[in-house]
Amino acid sequence: MKILIFVITAALMSTDAFAQNASEQKKKKTTDPQVVETACGECQFGLTGKGCHLAVKIDGQAYYVDGTEIDKHGDAHAKDGFCNTIRKAEVTGKVKKGRFKVKSFKLLSASDEKK
């Protein structure tokens, strides 16, 4: 019986620690500046929608961006535009309700992207 109580207590403690750690990591990842992939959500990341809209990919998950627009960063349909290629940007913000609420968005130059 003591072993069963010990196992249950250990499992609960590890679950709580994991949940807290995951929460802290998610908060940190979405508020600190980070370099992410960015492109047209429909054309490059396969998101559903009509037209062309800016998106970022964080930890393998694509999110539409609120707070800036695709056309504020050049011609989306140019050879190096968001509809034709995936670029990198340094961003700050948070994922809320399945969308990335951007506070800052700095598109990296081609030479910075290779670093």
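## A loop residue and a charged patch

Asp75 lies in the loop that runs between strand 3 and strand 4. The model described here is predicted. With a relative accessible area of 52%, Asp75 counts as exposed, because the cut-off for that class is over 50%.

Asp75 also belongs to a negative surface patch, which it forms with Glu69, Asp71 and Asp80.

## How the strands are paired

Strand 5 covers residues 99-107 and strand 3 covers residues 61-66. These two strands run parallel and are joined by 3 bridges. Within this pairing, Asp66 has Lys101 of strand 5 as its bridge partner.

Strand 5 is also joined to strand 4, residues 87-96, in this case by 8 bridges and in an antiparallel direction. Here Val91 stands opposite Phe105 of strand 5. Strand 4 and strand 5 form a hairpin with 2 residues between the strands, and in this hairpin Lys97 takes a positive phi near 55 degrees.

## Salt bridges around Asp66

How many salt bridges are found in the whole structure? The search finds 2. One of them joins Arg99 to Asp66, with 2.8 Å between the closest N and O atoms. This pair links distant parts of the chain, since Arg99 is in strand 5 and Asp66 is in strand 3, 33 residues apart.

A salt bridge also forms between the side chains of Lys101 and Asp66, at 2.6 Å from N to O. Because Lys101 lies in strand 5 and Asp66 in strand 3, this pair ties together parts that are 35 residues apart in sequence.

Leu54 has its place in strand 2, which spans residues 54-58. Is Leu54 buried or exposed? Its relative accessible area is 3%, so Leu54 is buried; the cut-off for this class is under 20%.

Leu54 also shows how residues separated along the chain can come together in space. Leu54 and Cys40 are 14 residues apart in sequence, yet their C-alpha atoms are 4.8 Å apart.

Key:
Residues are numbered from 1 along each chain as its sequence is written. This is a predicted model: local features need pLDDT of at least 70, side-chain atom pairs count only at pLDDT 80 or more; totals for chains, interfaces and linings use all residues. Side-chain values use heavy atoms; hydrogens and water are left out. Two strands pair if DSSP finds at least two bridges between them. Helices (H or I, at least four residues) and strands (E, at least two) are DSSP runs, numbered from the N terminus. Patches are made of residues with over 30% relative accessible area and no salt bridge: like charges are joined within 9 Å, nonpolar side chains (Val, Leu, Ile, Met, Phe, Trp, Tyr) within 5 Å. Accessible areas come from the Shrake-Rupley method with a 1.4 Å probe; for residues, only the protein chains shown count as cover. A salt bridge is a side-chain nitrogen of Lys or Arg within 4 Å of a carboxyl oxygen of Asp or Glu. Lys and Arg count as positive and Asp and Glu as negative; His and the chain ends are not counted. The place of a charge is taken as NZ of Lys, CZ of Arg, CG of Asp or CD of Glu. Buried means under 20% relative accessible area, exposed over 50%, partly exposed in between (1.4 Å probe, protein chains only).
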